[in-house]
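Subject: Structure handover

Hi,

Here is the structure for your files. My notes on it follow below.

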Amino acid sequence: MPKEDPEATALKKELTDLIAKVKAEQEKVADAKLAEKCGDMGDVSKIRLTTKKTLKGHINKVNSVHYSGDSRHCVTGSLDGKLIIWDTWSGNKVQVIPLRSAWVMSVAFAPSGNFVACGGMDNMCTVYDVNNRDSTGAAKMVRELAGYEGFLSSCRFLDDTHILTGSGDMKICIWDLEAGKRNMEFDAHAGDVVSISLAPDMKTYVTGSVDKTCKLWDVREDKAKQTFFGHDADVNSVCYHNSGQAFATASEDKTARLFDIRSDQQLGHYTPPGNSGFTSCGLSLSGRYLLAGSDDNAIHSWDTLKVTHTGTLNAHENRVTSISFAPNGIALASCSWDQSVKVWG
């Protein structure tokens with residue numbers, strides 16, 4: 001073991017003390033608890049989503065799923081080295097895109113439905129035009145965005161010409177896809193950037209990291225607007241509330257949480273009946289239901305306002321790796337290490 005550097009030890013202590021001070025100040029102005037204020041509200045029903053379609057086609061673990069803006073198509077990425085674009089209404093494959101690297105960790109569908117992107121252990125983000133084919137008949141690769149010093153953990157399209165990425169080198173990048181150049185690149189966290197969620201207006205976004213924090217950013221700036229503490233382990237997933245005023249998180253510490261941006265406070269603390277960490281999260285269109293994919297093969301659901309567990313969705317036979325709500329709120333897609341993709345409605 002290397003010797004502890006006294007200066008580093010002192011700085012760590014100073015940082016820990018500062019975080020504790022910030023939390024204490026926040027608690028002083030937290031004048032009420034969400035569950036108390038919403039105690040007299042009517043209960044929402046137990047979650048009653050059922051599996052409408054099981055999408056079969058991958059032959060290895062499926063690590064990521066993301067809906068298109070049309071709420072009909074979704075893209076999935078698997079360790080079998082394929083991206084598959086699905087018609088979730090019919091359950092049919094629309095396109096199968098072979099990848100140069102099988103180690104895909106994140107996929108993204110442009111809101112327009114014109115492009116998909118993926119990345120992972122190949123340390124790059126690859127963008128495909130789904131409306132144009134190459135000589136093999138697969139979607140045409142239009143950009144390979146390289147230069148990362150760590151794995152690509154998350155990517156989201158701002159529009160058809162710009163993409164936002166988070167990576168294992170602790171950086172966030174915003175790329176101009178037409179020029180193939182970075183518009184922005186900056187150190188975002190003190191650990192891997194694991195998850196990104198864009199606000200409904202696409203002007204701000206939140207990130208989650210293995211440094212146990214979440215941060216709020218403006219797409220035009222490289223300084224965080226706010227930092228949120230609370231989790232005791234990696235923040236594996238973040239999801240913006242449709243109001244644009246809050247976001248949900250899911251963590252390795254076996255909790256999901258709800259943070260309010262305006263009050264700079266954690267509002268909700270959600271725990272499952274079991275003892276498993278969370279990999280992914282999503283909020284219903286109304287924001288009343290919070291869902292989180294778990295290591296225990298289930299998707300857990302809570303009433304965000306009353307902070308009560310409202311049931312589990314059980315259909316997967318292995319770890320649920322990613323969930324994605326259709327933008328219109330009608331359906332939920334989930335994928336798993338069991339090699340399947342489920343559409344719930």
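Start at Thr 165, which stands opposite Cys 173 in strand β12. This is a predicted model, in which local features need pLDDT of at least 70, side-chain atom pairs count only at pLDDT 80 or more, and totals for chains, interfaces and linings use all residues. Residues are numbered from 1 along each chain as its sequence is written, and side-chain values use heavy atoms, with hydrogens and water left out.

Strands (E, at least two residues) and helices (H or I, at least four) are DSSP runs, numbered from the N terminus. Strand β12 covers residues 171-176, and six of the six are buried, so β12 is largely enclosed by the rest of the structure. Buried means under 20% relative accessible area, exposed over 50%, and partly exposed in between, with a 1.4 Å probe and protein chains only. Both faces are covered. Lys 171, Cys 173 and Trp 175 are buried on one side; Ile 172, Ile 174 and Asp 176 are buried on the other.

Strands pair if DSSP finds at least two bridges between them. Strand β11 (residues 162-167) runs antiparallel to β12, joined by five bridges. Three residues lie between these strands in the hairpin, where Met 170 takes a positive phi near 70 degrees.

On to strand β13 (residues 181-187). β12 and β13 pair in the antiparallel sense over six bridges. Ile 174 has Met 184 in β13 as its bridge partner. This hairpin has four residues between the strands, and Gly 180 takes a positive phi near 70 degrees.

Residues 145-185 are 0% helix and 63% strand, with end C-alpha atoms 13 Å apart. Residues 228-269 are 0% helix and 55% strand, with end C-alpha atoms 14 Å apart.

**Second largest pocket**

β21 (265-270) gives the most to the lining of the second largest pocket, with five residues. α1 (6-29) and α2 (34-37) each supply at least two.

Best wishes
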